[in-house]
Amino acid sequence: MLSYFANPSKFEAFARKGGPIAFGIFLICTLVATVGGLLLAPEDYQQGDSARILYIHAPTAWLSLSAYTFIAMMSLIAFIWRHPVADVTARAAAAPGAAFTALALLSGAIWGAPTWGAAWVWDARLTSMLLLFFIYIGYIAVWAAATDTARAARIARILALVGFINIPIVKFSVDWWNTLHQPASILRIGGPTIHPSMLWPLLVMMVGFTALLAWFVFVGARADLIAQRNQRAEASAPSRPLDNPTAIIDESPA
């Protein structure tokens, strides 16, 4: 699989077909989950309807970690195998990952204000998520400031791999330290603690948001590969001689 997608043209063809499919899955899943979460699922017996923000908060938090894990994996592949598409796909996942992280922080603050009595507290989960957002911004900044693409790629890979240390901290912070944030309620030993009537819309929304991330990666990577191909074509094009408008014409009489 890695060797197949090492050919940028083959990856472009795959992304061209996969992009619309991923976006279609996102639309269908989002519609189904929205109906299920807002109309079919009961309100929480303690938090009431405010708990419905879970259908946005949990998927965006999940995708913030998943997108960065994907970036770290692609960076490792680029380091070991010099895969020509790995850096491109990692770069394409960075902006969506940062957006998902920001949305997770924002939706968590909206939920925390009435539930905790505070929109923000410096507990381990929230602080590590904020740090993840800044790591995303740093990764994006490395590529944005690049003048030497090869050097920027090396720095971005190192940053992605070092920053991955924060991912297990985000995931297990609620288990390692006493925090206001609730412990894991889906991916946990013993199974989910959420009632099935509330769980299925949440899982469908997670699938939809995952498909949205795939669509962002397909579109972003294709655009990057096309831009690289155009740059190579311009660099290899033969230079045309400049017209000389000041050429001297001999108009002296015979």
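Me: Before we look at any helix, how is the expected span of a helix worked out?
Reply: The expected span is 1.5 Å times one less than the number of residues in the helix. Keep in mind that we are reading a predicted model. Now take helix 2, which has 28 residues: it should span 40 Å at 1.5 Å a residue, and its end C-alpha atoms are 40 Å apart, so the two agree.

Me: Which values does helix 1 give for the reach and the expected span?
Reply: Helix 1 covers residues 8-40, which makes 33 residues. From its first C-alpha to its last it reaches 45 Å, close to the expected 48 Å.

Me: Where does helix 1 bend?
Reply: Look at Gly18, where helix 1 bends by about 30 degrees. A proline, Pro20, follows within four residues of that point. While you are there, go back to the start of the helix: Asn7 caps the N-terminal end, with a side-chain oxygen 2.9 Å from the backbone nitrogen of Ser9.

Me: Let's step back. How many helices and strands does the protein chain have?
Reply: The protein chain has 7 helices and 0 strands.

Me: What share of the residues is buried?
Reply: A residue counts as buried when its relative accessible area is under 20%. In the protein chain, 40% of the 254 residues are buried. The accessible surface comes to about 14700 Å², and 69% of that belongs to carbon and sulfur atoms.

Me: Which residues of helix 1 are buried, and what covers them?
Reply: Among the buried residues of helix 1 are Phe11, Glu12, Gly18, Phe26 and Cys29. Their cover includes helix 2 (54-81), helix 3 (86-116) and helix 7.

Me: What follows helix 2?
Reply: Arg82 does, and its phi is positive, near 55 degrees. Arg82 has that positive phi although it is not a glycine. You will find Arg82 in the loop between helix 2 and helix 3. Arg82 counts as exposed because its relative accessible area is 58%.

Me: How do I describe a pair of aromatic rings?
Reply: Use the distance of the centres and the angle of the planes. The structure holds 11 aromatic pairs. One of them, Phe172 with Trp176, is stacked: 5.6 Å centre to centre, with 25 degrees between the planes.

Me: Why are Phe172 and Trp176 about one helical turn apart?
Reply: The general idea is that an α-helix has 3.6 residues a turn, so residues three or four places apart point the same way. Phe172 and Trp176 are separated by about one helical turn because they are 4 residues apart in helix 6 (residues 166-176). Phe172 is partly exposed, with a relative accessible area of 35%, and Trp176 is also partly exposed, at 48%.

Me: Which residues form one aromatic cluster?
Reply: Pick out Phe23, Phe26, Phe100, Phe209, Trp215 and Phe216, which form one cluster. You have met two of these names already: Phe26 is one of the buried residues of helix 1, and Phe100 is one of the residues that Ser64 touches.

Note on methods
Residues are numbered from 1 along each chain as its sequence is written. This is a predicted model: local features need pLDDT of at least 70, side-chain atom pairs count only at pLDDT 80 or more; totals for chains, interfaces and linings use all residues. Side-chain values use heavy atoms; hydrogens and water are left out. Helices (H or I, at least four residues) and strands (E, at least two) are DSSP runs, numbered from the N terminus. Buried means under 20% relative accessible area, exposed over 50%, partly exposed in between (1.4 Å probe, protein chains only). Accessible areas come from the Shrake-Rupley method with a 1.4 Å probe; for residues, only the protein chains shown count as cover. The bend at a residue is the angle between axes fitted to the seven residues ending there and the seven starting there. Contact means heavy atoms within 4.5 Å. A polar contact is a pair of N or O atoms within 3.5 Å; within protein, one must be able to donate a hydrogen and the other to accept it, and residues adjacent in sequence count only if both atoms are side-chain atoms. Rings of Phe, Tyr and Trp (its six-membered ring) pair if their centres lie within 6.5 Å; planes under 30 degrees apart count as stacked, over 60 as edge-to-face and the rest as tilted.
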